[in-house]
Amino acid sequence: MRTAVVILNWNGQKMMETYLSTVVKYSKDEADVWVADNASTDGSLAMLARKFPMVKTLRLDKNYGFAEGYNRALAQIKADYYVLLNSDVEVTHHWLTPLVEYMDAHADVAACQPKLLSEFDKDRFEYAGACGGFLDRYGYPFCRGRIFDTVERDEGQYDYAQDVLWATGACLLIRAADYWRVGGLDGRFFAHCEEIDLCWRLRQRGRRIVCYPESEVYHVGGGTLPKSNPMKTFLNFRNNLTMLYKNLPDDELKGVMRVRRFLDWLAAFEMLVLQHNWGEFKAVLRGRHAFRQWKHDFDKDRKEIAATRTLNPVPERVDYSILWRYYVKGRKTFSALLGGRS
């Protein structure tokens, strides 16, 4: 098969029992379906052998996280296209064909994603990618259909192919050649921001990233996560700052990092004083400290990215602050966000 659908699993037996049947049913004629297991302890592999013997499996020796887990799994899988698919995604009839056909017809596209809708409210976009991702000047990601906690209803307003900065890691189709050309996901991130970093690196080389909403899938995603999660907050802040350090051109780095320092302290203050959440407050500070401790480990990455950069600026990284437009200007949707210049 030219396409491999690869689900990275860690203790996701219940999710796979619920959703893997749709992946097998609607993908088996077009792709090999794999589950790469990050040393689960919940009986996932036994369940797969019993209920899904047609699914191919890889066993990793420990939990490498999302990023390095995928790197180690995909290194063992031969295909022209990889689909990185979360275990909590319900796919639908004709979900894969449009994505593969679009990639076949557009050799300059490195990766694409479908329209990502909520499993719990199928007329609403899902937080983790919606209809394609962008980045603001200071590193804050947003999507067509989702800005911060404002998630839009799907009324067909984004039913057209769109170049984006990043495609969601919940359902990401990527050319194997492009994946390995830039070294894959950054395994040091463990989880969070790794797909944005990967796509940004590809985009700077002139490769396109696209959302192609003719394909639709449904994602549980944020519906299963607690609102407050200090480990997630730590990883998000550490990895987001690291991603900026790796990818920003020299003429922007100091200015952006200076503003981010202020904004991160402002976020930490809000978590402590307004939310009375000591755990989240400490997670922000730990994230910033961890970034400072390891940022020079990424100096080689900065040099390599700068040496291979052919596109600057990247148009899908907007030149304004989304915080200003969202909180001060009150522009809560993607369409409203684009209105005006301030």
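F125, F134, F142, Y158 and F334 form one aromatic cluster; rings of Phe, Tyr and Trp (its six-membered ring) pair if their centres lie within 6.5 Å, with planes under 30 degrees apart counted as stacked, over 60 as edge-to-face and the rest as tilted. This is a predicted model, in which local features need pLDDT of at least 70 and side-chain atom pairs count only at pLDDT 80 or more, while totals for chains, interfaces and linings use all residues. Residues are numbered from 1 along each chain as its sequence is written, and side-chain values use heavy atoms, leaving out hydrogens and water.

**Aromatic pairs**

- The structure holds 16 aromatic pairs.
- One of them joins Y158 and F334, edge-to-face, at 5.8 Å centre to centre and with 85° between the planes.
- Y158 lies in the loop between β10 (150-151) and β11 (162-164) and F334 in helix α12 (residues 334-337), so this pair ties together parts 176 residues apart in sequence.
- Both Y158 and F334 are buried, a term for residues under 20% relative accessible area, with exposed meaning over 50% and partly exposed in between (1.4 Å probe, protein chains only).

**Surroundings of C143**

- C143 is in strand β8 (residues 141-143) and counts as buried at 0% relative accessibility.
- Leaving aside neighbours within four places in sequence, C143 is in contact with Y127, G129, A130, G132, G133, W166 and F334, where contact means heavy atoms within 4.5 Å.
- The C-alpha atoms of C143 and G132 are separated by 5.4 Å, and the two residues are 11 apart along the chain.

**Backbone details**

- The peptide bond from N312 to P313 is cis, with omega near 5°.
- P313 is found in the loop between α10 (299-308) and α11 (322-328).
- H94, a residue other than glycine, has a positive phi near 70°.
- H94 is placed in the loop between β5 (89-91) and α4 (96-105), and its relative accessible area of 38% makes it partly exposed.
- F148 is not a glycine either, and its phi is positive at about 50°.
- F148 is found in the loop between β9 (146-147) and β10; with a relative accessible area of 15%, F148 is buried.

**Overall fold and dimensions**

- The protein has 12 helices and 13 strands; helices (H or I, at least four residues) and strands (E, at least two) are DSSP runs, numbered from the N terminus.
- The radius of gyration is 19 Å, close to the 20 Å that the globule rule gives for 342 residues, so the protein is as compact as a globular protein of that length.
- That radius is taken over C-alpha atoms, and the globule rule is 2.2 Å times the number of residues to the power 0.38.
- Along its principal axes the C-alpha trace spans about 55 × 40 × 40 Å.
- Of the contacts with a separation of 6 or more, 76% are between residues 24 or more positions apart.

**Burial, surface and charge**

- Buried residues make up 56% of the 342 residues.
- The accessible surface comes to about 15,100 Å², and 53% of it belongs to carbon and sulfur atoms; the areas come from the Shrake-Rupley method with a 1.4 Å probe, and for residues only the protein chains shown count as cover.
- There are 49 positive and 44 negative side chains, and the centres of the two sets lie 6 Å apart.
- Lys and Arg count as positive and Asp and Glu as negative, without His and the chain ends; the place of a charge is NZ of Lys, CZ of Arg, CG of Asp or CD of Glu.
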